[in-house]
Amino acid sequence: MTTLNSLNQQFGIAGHLQFIEVDGGLTFAEISNAHATASIALQGAHIATFQPKGEEPIIWLSKLAKFIPGKSIRGGVPVCWPWFGPHATDSKLPGHGYARTVMWEVQETKALADGSTFIRFGLIENETTKAQWPHASTVQLEATVGKALKVELITKNTGSAAFQLGEALHTYFHISDVGNMTIRGLEGCEYIDKVGETARRTQQGGIVIESEVDRVYVNTTADCIIEDKGLKRAIRIAKTGSKSAVVWNPWTEKADKMGDFGPQGHRGMVCVESGNAFDNVITVQAGETHRLVAVYSSEKL
Ligand code: TA6
């Protein structure tokens, strides 16, 4: 077991990065540099916060988020891996895979020449994960915290047979109010509508949210832009290695049932996820490496 002291000795960087333990028992990498602040839990390699200096947070974290071993954090950037949504054949396995609730190790940290901070995590396999995912593989998450936040999820097939991979960076974005925002970039795209009876539809115009939305847009590599009239800013989500975009807001009733959104919590967030799901599940050939990359930045409106 790596202690906080040894983590700080090996990977802490003065003026950039230190490790802390929070109530509830999770360890976080706390990053603060000339451009931004961020905190990332070692459980799940879960980015919980990201805020450029002098700006509102870009990432939403529930006021009622709990930091409990084995439980996913409500908000931030949960890593859905190696499947998205329910498991294809075994409904007893955890939704969105196990990567977000197991421990990852820190593999490297760096202060970059432009003042950004880099950190790489690798998922630590155990008997339970191996039973759920019997494929020889490694998965790493790299985060570069600068004026923008760059997140890379890197899957290597280290075995001798191909496997099918579903994945997403299930990112919660901070907005002034869901009534003030429009998501652009997915106009004309086909999506799977998961609210009510599952149906395939085509997106007409920008996305405005006025009730529960749970959609998987397929075959799209486009940037998504969250225009927020209240904060007078747009959040840009640029990506590579991803052909699906998921848009989710649980709305009042479902958020209340989850118990960790807080009253009206759903109004201050929207998930715009970059990944590969449904039609876009990926085949990773033996020896191949697949990289899913998302970059989150803000622009004035
Ligand atoms: O990505 C949208 C979604 O799959 C929704 O269906 C919703 O359930 C959400 O993820 C949150 O899932 P979680 O397991 O984190 O509560």
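Predicted model: local features only at pLDDT ≥ 70, side-chain atom pairs only at ≥ 80, totals over all residues.

Residues are numbered from 1 along each chain as its sequence is written, and side-chain values use heavy atoms, with hydrogens and water left out.

**Entry 1: the ligand**

I began with arginine 74, where a side-chain N or O atom lies 3.2 Å from an oxygen atom of the ligand. Arginine 100 brings a polar side-chain atom to 2.8 Å from a ligand oxygen. For histidine 170, I read 2.9 Å between a side-chain N or O atom and an oxygen of the ligand. The protein buries 77% of the 390 Å² that the ligand exposes when taken alone; these areas come from the Shrake-Rupley method with a 1.4 Å probe, and for residues only the protein chains shown count as cover.

Then I listed the surroundings, counting a residue as near if one of its heavy atoms lies within 4 Å. The residues around the ligand are Arg74, Phe84, His96, Arg100, His170, Lys194, Asp214, Val246, Trp248 and Glu273.

**Entry 2: strand E20**

Strands here are DSSP runs of E, at least two residues long, and helices are runs of H or I, at least four, numbered from the N terminus. Is E20 mostly covered or mostly open? Strand E20 (residues 269–276) is mostly covered, with eight of its eight residues buried. Buried means under 20% relative accessible area, exposed over 50%, and partly exposed in between (1.4 Å probe, protein chains only).

I checked the two faces separately, since in a regular strand the side chains alternate between the two faces of the sheet. Met269, Cys271, Glu273 and Gly275 are buried on one side of E20, and Val270, Val272, Ser274 and Asn276 are buried on the other.

Next I looked for partners, taking two strands as paired if DSSP finds at least two bridges between them. Strand E19 (residues 244–249) runs antiparallel to E20 and is joined to it by five bridges, with valine 246 partnering glutamate 273. Strand E11 (residues 167–169) is also antiparallel to E20, through three bridges, and here glutamate 167 stands opposite asparagine 276.

**Entry 3: aromatic rings**

My ring rule covers Phe, Tyr and Trp (its six-membered ring): rings pair if their centres lie within 6.5 Å, planes under 30 degrees apart count as stacked, over 60 as edge-to-face and the rest as tilted. The count comes to 11 aromatic pairs. I picked out tryptophan 60 and tyrosine 172, which are stacked at 5.6 Å centre to centre with 20° between the planes. This pair links distant parts of the chain, 112 residues apart: tryptophan 60 is in the loop between strand E4 (46–52) and strand E5 (79–80), and tyrosine 172 is in strand E12 (residues 172–174). Tryptophan 60 counts as buried because its relative accessibility is 8%, and tyrosine 172 does so at 2%.

I also found a cluster in which ring pairs link Trp81, Trp83, Tyr98, Trp133 and Phe163.

**Entry 4: single side chains**

Histidine 46 is in strand E4. At 1% relative accessibility, histidine 46 counts as buried, and a polar atom of its side chain lies 2.8 Å from the backbone oxygen of glycine 75.

Serine 242 is in the loop between strand E18 (233–240) and E19. Its relative accessibility is 2%, so serine 242 counts as buried. The side chain of serine 242 makes a polar contact of 2.9 Å with that of lysine 239.

Methods
Polar contact = N/O pair within 3.5 Å; in protein donor to acceptor, adjacent residues only side chain to side chain.
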